[in-house]
Amino acid sequence: MVFGLFRRRKRPEVFTTYSAIVAQARQAHFYSDLRVPDTLDGRFELIMLHAILLFDRLRGEGDAASAFGQEVFDLFFQDMDHSLREMGVGDLTVPKKIKKMAEAFYGRAGVYSEALASESRHMLVEALDRNIFAEASDLPAAAALADYVRAACGTLGEQPLPEVMSGSLNWPEATGFIAKDT
């Protein structure tokens, strides 16, 4: 506990931003109409996806944005650590699980960022289907989610950086995106 005295305290806007990411990812619409599996993995995937969208927005915005993004990232993984411990995962197992989560995060961040940069809808749909709907492929749901992700990139991209870094994130209304079976 002594070492905790020397840790730098998180700024309130870091908590506000992370809370906004989690709140958006927990919207019931994702799990009902967009058919994201309502499981621990499904929820983790959506939190990760929204965090990646934020980090993508902050990329290239300078040192302050980079430092802010790092603080949000650190809080994200502190929260995951805390959640695992609350679920009863043993102290010796938590670091291994966190390492796997971090590997998943970096893998998805690379794939999603590449798909967004390429503007290939198909590439993004495939990535979302492979990662979020891993148990049972659902291309119509992945396509609707891809449209949401593109819209989220647009709204975050249009939002002034100081507003983004205050935690007041503008997400598109998720209910505007519905999985259409063909």
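Just after helix 5, glutamate 119 takes a positive phi of about 60°, and by helix I mean a DSSP run of H or I with at least four residues, numbered from the N terminus. Before I go on, please keep in mind that this is a predicted model, in which local features need pLDDT of at least 70 and side-chain atom pairs count only at pLDDT 80 or more, while totals for chains, interfaces and linings use all residues. Residues are numbered from 1 along each chain as its sequence is written, and side-chain values use heavy atoms, with hydrogens and water left out.

Let us stay with helix 5, which covers residues 94-118. The expected span of a helix is 1.5 Å times one less than its number of residues, so the 25 residues of helix 5 should span 36 Å, and this agrees with its end C-alpha atoms, which are 36 Å apart. Several of its residues are buried, among them Phe105, Arg108 and Tyr112, where buried means under 20% relative accessible area, exposed means over 50%, and partly exposed lies in between, with a 1.4 Å probe and protein chains only. The buried residues of helix 5 pack against helix 3, helix 4, helix 6 and helix 7.

Which residues have the most contacts inside the largest nonpolar core? They are Phe105, Leu128 and Leu145, in a core of 65 residues, and such a core is a set of buried Ala, Val, Leu, Ile, Met, Phe, Trp, Tyr and Cys residues joined through side-chain atoms within 4.5 Å. Helix 3 gives the most to this core, with eleven residues. If we leave aside neighbours within four places in sequence, leucine 128 is in contact, meaning heavy atoms within 4.5 Å, with Leu49, Tyr112, Phe133, Ala142, Leu145, Ala146 and Val149.

Now to the charged side chains, where a search of the whole structure finds ten salt bridges, each being a side-chain nitrogen of Lys or Arg within 4 Å of a carboxyl oxygen of Asp or Glu. Glutamate 45 forms one of them with arginine 108, and their closest N and O atoms are 2.8 Å apart. Because glutamate 45 lies in helix 3 and arginine 108 in helix 5, the pair ties together parts that are 63 residues apart in sequence. Is glutamate 45 buried or exposed? Glutamate 45 is buried, with a relative accessible area of 8%, and apart from residues up to four places away in sequence it touches Arg108, Tyr112, Asn131 and Ile132.

A second salt bridge joins the side chains of arginine 35 and aspartate 138, at 2.7 Å from N to O. Arginine 35 sits in the loop between helix 2 and helix 3, and aspartate 138 in the loop between helix 6 and helix 7, so this pair links parts that are 103 residues apart in sequence. Arginine 35 is partly exposed, at 28% relative accessible area, whereas aspartate 138 is buried, at 15%.

In a third, the side chains of glutamate 71 and arginine 11 meet at 2.7 Å, N to O. Glutamate 71 belongs to helix 4 and arginine 11 to the segment before helix 1, so the pair ties together parts that are 60 residues apart in sequence. Glutamate 71 counts as buried at 9% relative accessibility, while arginine 11 is partly exposed at 27%. Finally, salt bridges that share partners join Arg11, Glu13 and Glu71 into one network.

Notes: Helix = DSSP H or I, 4+ residues; strand = E, 2+ residues; numbered from the N terminus.
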